[in-house]
Amino acid sequence: MLNDLEKRTQAQTDPNLPENLVGPSPKMAIILALETSCDETAAAVFWGEQLLSSEVTSQIDIHAPYGGVVPEVASREHIRALRPIIDLALKKADIAIGAIDAVAATCGPGLASSLMIGTSIAKGLSVALGRPFLAINHLEGHLLSPFFGTADGVSPAVGLIVSGGHTLLIEVEALGKYTLLGQTQDDAAGEAFDKVGKLLGLPYPGGPHLDRLARGGDPTLYDFPRSMIGSPDFHFSFSGLKTAVRYLLPKLQPAQLPDVCASFQEAVVDVLISKTVRAAQARGLNLITVSGGVSCNTRLREKLLATCAAQGLRVLLAPPQLCTDNAAMIGYVAALRWSTGATSALTVDIDPNLRLAT
Ligand code: KG4
Ligand code: ZN
């Protein structure tokens with residue numbers, strides 16, 4: 001495979017060859033994808049639907065002292081990190097920059113100033129190389145990441161996206177055909193993990209730390225609210241949980257921390273699973289997909305797999321390296337879109353509130 005690629009790379013960088021790759025064509029393309037919607041700077045290279053490289057650098061340590069992402073700091077870090085990470089992704093893929101057929105970038109949703117850095121660099125490369133640009137929705141990246149590498153590709157499913165900024169239930173009919181079934185009415189699930197983590201004195205972001213501590217705790221010790229679990233819709237609410245944990249704080253001993261983490265986590269997991277399973281049953285779909293940073297959660301993965309097995313439902317979980325923000329999921333959507341002949345105009349702007357479905 002790499003031999004073919006090497007030949008292709010040489011052919012594409014030969015200045016004497018005509019420019020025959022400008023414009024969309026449903027062939028195996030080499031796509032460079034960039035992701036800068038929040039505090040991860042990421043680049044990935046695809047050849048057709050095959051991932052050649054995926055590099056991510058996180059700014060977590062820089063934002064941790066502030067207890068959250070500082071937009072101005074994030075965009076400065078993206079500027080600093082993008083060039084080296086693009087070089088590294090190309091190097092690992094063994095691709096010369098001149099061999100790229102298209103450049104993709106996340107255009108929303110996310111932090112405006114962060115989105116602007118990635119899309120501006122992608123558009124600049126697109127102009128300089130004379131190759132098309134593809135603007136990709138970050139949420140579509142998360143939504144489709146569980147299908148990456150599967151034999152059937154994108155198939156009808158109920159998709160749960162659980163990240164720091166979003167909690168969405170989406171019906172997937174096919175590529176680009178999505179219907180919103182439900183969403184959080186207040187905090188996103190990841191936001192609830194991070195806010196509770198902060199209350200409990202855990203480092204930012206709290207999600208992974210809470211997950212780790214919960215493994216040593218009793219999930220039945222505290223009966224935290226499972227808000228909206230019985231409501232007939234497919235919406236969620238997590239802000240009450242944070243308040244319930246806050247009430248406990250004055251009485252809490254350090255030794256009880258794992259039990260609080262496990263009980264809080266169980267409440268979030270119960271609501272997420274209950275609503276997702278019910279949505280799949282209501283829509284007559286037997287495939288559930290879960291993606292986004294919170295889908296790394298050990299208990300969510302374990303309990304969802306057990307529940308779905310008992311209900312005769314199939315589950316596709318994004319691999320852990322594709323759960324949190326990365327450029328591979330952006331490149332995967334770009335590759336799928338490219339194969340349908342789609343590209344974006346350079347006038348497509350970033351949209352911090354970009355929606356995936358209505
Ligand atoms: O998808 P992501 O990287 O960024 C957004 O698009 O928001 O998700 C980040 C979120 C954070 O809230 C983080 O605490 C949460 O995912 N997260 C987890 C775990 N790993 C990451 N939450 C619970 N358990 C985990 N293991
Ligand atoms: Zn994300």
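The peptide bond from Y204 to P205 is cis, with omega near -10 degrees. A cis bond also joins G108 to P109, with omega near -10 degrees, and P109 is in the loop between β4 (102-108) and α4 (112-129).

D94, in the loop between α3 (71-93) and β4, has a positive phi of about 60 degrees although it is not a glycine. Most residues other than glycine have a negative phi, and most peptide bonds are trans.

## Basis of the model

This is a predicted model: local features need pLDDT of at least 70, side-chain atom pairs count only at pLDDT 80 or more, and totals for chains, interfaces and linings use all residues. Residues are numbered from 1 along each chain as its sequence is written, chains are lettered from A and ligands numbered from 1 in the order in which they are written, and side-chain values use heavy atoms, with hydrogens and water left out.

## Ligand 1

Around ligand 1 there are 20 residues (a heavy atom within 4 Å), of which G164, D194, D211, G293 and D325 come nearest. The helices α5 (138-144), α6 (189-199) and α7 (206-214) each supply at least two residues of this shell.

Definitions and conventions. Helices (H or I, at least four residues) and strands (E, at least two) are DSSP runs, numbered from the N terminus.
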